Each structure stands twice: as structure tokens, then as C-alpha cells.
Amino acid sequence: MSHDPRIPVTLLTGFLGSGKTTLLNKLLNNPGMKDTAVVINELGEAGLDHILARTVESEHVADNTVLLSSGCLCCTLTNELADTLRDLFFKRALSAIPEFKRLVIETTGMADPGPILANLMNEPVISSTYRLDAVVVTIDSQYGIQQIEKHGEARKQAAVADVLLLTKSDLATPEQQEALAATLTELNPGATQHMIRHGEIEPEHLIDVGLFSQDGKQAQPQRWLRAPTRSKAGRGMLPKAVHDDEIVSFTVTLPKPLTWDQLEPVLKWLCATFGEQLLRLKGIIHAEDQPAPIAVHAVQHTLYPPTLLEGWDEDEPLTRIVFIGKGVDELRVRDALMQL
Ligand SMILES: Nc1nc2c(ncn2[C@@H]2O[C@H](COP(=O)(O)OP(=O)(O)OP(=O)(O)O)[C@@H](O)[C@H]2O)c(=O)[nH]1
């Protein structure tokens, strides 16, 4: 287990028209974002030119911008995403393009983030050179609730987010804004929420918000996990019943330290059991056989190698594992973990 030198990736997604491109344009014009490579996935050829023109205002970014336009990253283009990321990495290594320090991937509005995340993390060359920093999701303040209710894609996007951006706040009433914030808190209590207009937000809220910051130092694991120190429901309380297709997010807090050797098989079993239903798993583990806390991460069937963190930044070390899934049986998960 070691610190992570890989290139951080921000996955920017959000429903059709929710403000992804507006946000990206603003971000890329921020001086703090100058060493950024960008992969943009648009459905169809239409609109590419104007996006290109708007996005690539700085030459630095122009060289490092790739457009994938013949399909959607989550369905037809998964290999192309892998090829593109590999290509960018090798060009960077050969100094054929300006050295970039981070990558932003903008998906189409109908993208299912699950397969994209799995692709990012499962392809060996990609996962050895890039690491997911955060999933940033834009949600239209006016129409977001309707879109989440009607479209599974919008719901999944919001559920896996680390950062939720409630866009177009100038177009929504205070009631709409409050209702959307409450809906999102219920769907994804662990994500941070920011209300924005015209894509304006400081990059520090979206970039390097994962486990490690740009200078290679550990960022804030607590912020990365975004799980309450104490489960709101309290230990031992029964979780709500869920429908098979409902996206749930819950945190399991373990009462005592354990060893990685004890925990790993159970996490692998959970990944194998829930597979595609498990959109994301993130955890900070108090392992008594390790000198410091460890961070774990899983997507669908895959559990990733754990990372050793620097130390606890809270008084009482506590194992917390966040599950985000569709139809994941919370009771079964708690049962399996509590038996440790
Ligand atoms: N009034 C207002 N309009 C906004 C705001 N943010 C974005 N828009 C407009 O909303 C429309 C859609 O924004 P885009 O940034 O293109 O949205 P997108 O998510 O990239 O759209 P797709 O690529 O189609 O999924 C554009 O006309 C933007 O100018 C905002 O804060 N306020």
C-alpha cells in the first residue's frame, strides 16, 4: 500500500442540458486549471464545433482536448475511452503534448456513469496511470427533480456523485432549490452540494477533492468518504426496505478494529454478490494489522487495491464503509460485515 502518484481524473456528468459544458468552459478559463487535459463525449456530430470553439480558448487546453463523438462512452465507446486515455498518457510521456496534471472527462447527458467508472478502474493500463479523483454531477435546479423521477440515468448520475452542482439557480424559485437539495440529500447524503449559476464555482470545490491532492499529499480522507462519523440510524437499527430498482446509499460503521485479511474476503464477496448493482463502495478502514487507516474502493464486481493513508484526523479511529447501489440489500451487507 502506498501513496498515489497517478493522474487524477474528474468525471463530469449530468443530465441533458444541465450545464456541463457551461461549467467546463468556466473551469478551463480559470488559471488554476491550466494543466488540464479534457475528453469530451458528445452524441453525434452536431454541436461539436461550437463546443470546441467555446472550450478551447487557451491553446494549452486545445492540444490536450479529445472529442469522442461517434457514440456514448457508457455503451459503444468504452474501448475508445481506454484507447484515448492510453494515447494521451503516452503522448504526454513523449512530450508530444503539453504535460497535463489532471484529466476531466465530460460525458453525454444520457450517460450511465457505472460502466464508465468500471472502465476507468478495470482496464489495467488505465488504472495504473490514472485514478478517479471525483465524480462531479450537474443537476438543473428547475427540472432536476422531474428528471430524477423520470430518467434512471439522471438518478444514477446523482447517486454516484461526490460533488453535486445544482445549476441555473437564477432560473429556479427558492422553493424549487430547497426541494431539489432535499431530494438530492435523500438520494445521496454523502455528496457535497453547491448551488451555482452560469458555471461559476471555484475549482477547489471540484478538483483534488479525492484522496490525494495534486502535490502528492493526502487530501482529506474524511471529505473523500463523506460519511458521517456516526451512522444517523445508529448501530443496530434496521434499514428501510428497498425496492429492487431503487438506488440506495448507506454507511456501515464497524464497532471494532479488524485486520485487512479478515475484511478483504467479505468485501470481495459483497462485490461478487451484488456485482452490477453495486455502483460504488468507498471506505476508511481501521485495520489493526496496518500502521495507519486504509482507504478502499470498489465498483461493481471489482475491489481495488487498498491505499495506506497518513493517519486519522479525528479523535476516535472508526471503520466506515459507504455503499451506493441499485437494489443492494442493506440488511445482507450489514449482516455480513457485522459478523466480522
Ligand atoms: N440562465 C442560465 N442558463 C444556463 C446556466 N447554465 C447553463 N445554462 C444554459 O443552459 C443550456 C444548456 O447548458 P449546457 O452547458 O450546454 O448543458 P450540457 O449539460 O452541456 O448539455 P448537453 O451537452 O446537451 O447534455 C445552455 O443554453 C446554457 O447557456 C445558468 O446558470 N443560468
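**View 1. Ile284 and its bridge partner in S10.** In this predicted model, Ile284 has Ala295 of S10 as its bridge partner. Strands S9 (residues 278-285) and S10 run antiparallel. Their pairing spans 5 bridges.

**View 2. Burial along strand S10.** S10 covers residues 294-299 and is mostly covered, with 6 of its 6 residues buried. Ile294, Val296 and Ala298 point one way from the strand. Ala295, His297 and Val299 point the other way. Both sets are buried.

**View 3. The S10–S11 hairpin.** S10 forms a hairpin with S11, and 2 residues lie between them. Gln300 sits in the turn and has a positive phi of about 55°. S11 (residues 302-303) pairs with S10 in the antiparallel sense, over 2 bridges. Val299 stands opposite Thr302 of S11.

**View 4. S10 against S12.** Strand S12 (residues 307-308) is joined to S10 by 2 bridges. The two strands run antiparallel. Ile294 faces Leu308 of S12 as its opposite residue.

**View 5. The shell around the ligand.** The ligand is surrounded by 17 residues. The closest are Lys20, Thr21, Thr22, Gly109 and Lys168. By class, the shell holds 11 polar, 4 charged and 2 nonpolar residues. Helix H1 (residues 20-28) gives the most to this shell, with 3 residues.

Conventions. Residues are numbered from 1 along each chain as its sequence is written. This is a predicted model: local features need pLDDT of at least 70, side-chain atom pairs count only at pLDDT 80 or more; totals for chains, interfaces and linings use all residues. A residue is near a molecule or strand if its C-beta atom, placed from the backbone, lies within 6 Å of it. Helices (H or I, at least four residues) and strands (E, at least two) are DSSP runs, numbered from the N terminus. Ala, Val, Leu, Ile, Met, Phe, Trp, Tyr, Cys and Pro count as nonpolar, Asp, Glu, Lys and Arg as charged, and the others, Gly among them, as polar. A residue is buried if 20 or more other C-beta atoms lie within 10 Å of its own, exposed if 12 or fewer, and partly exposed in between; C-beta atoms are placed from the backbone. Two strands pair if DSSP finds at least two bridges between them.
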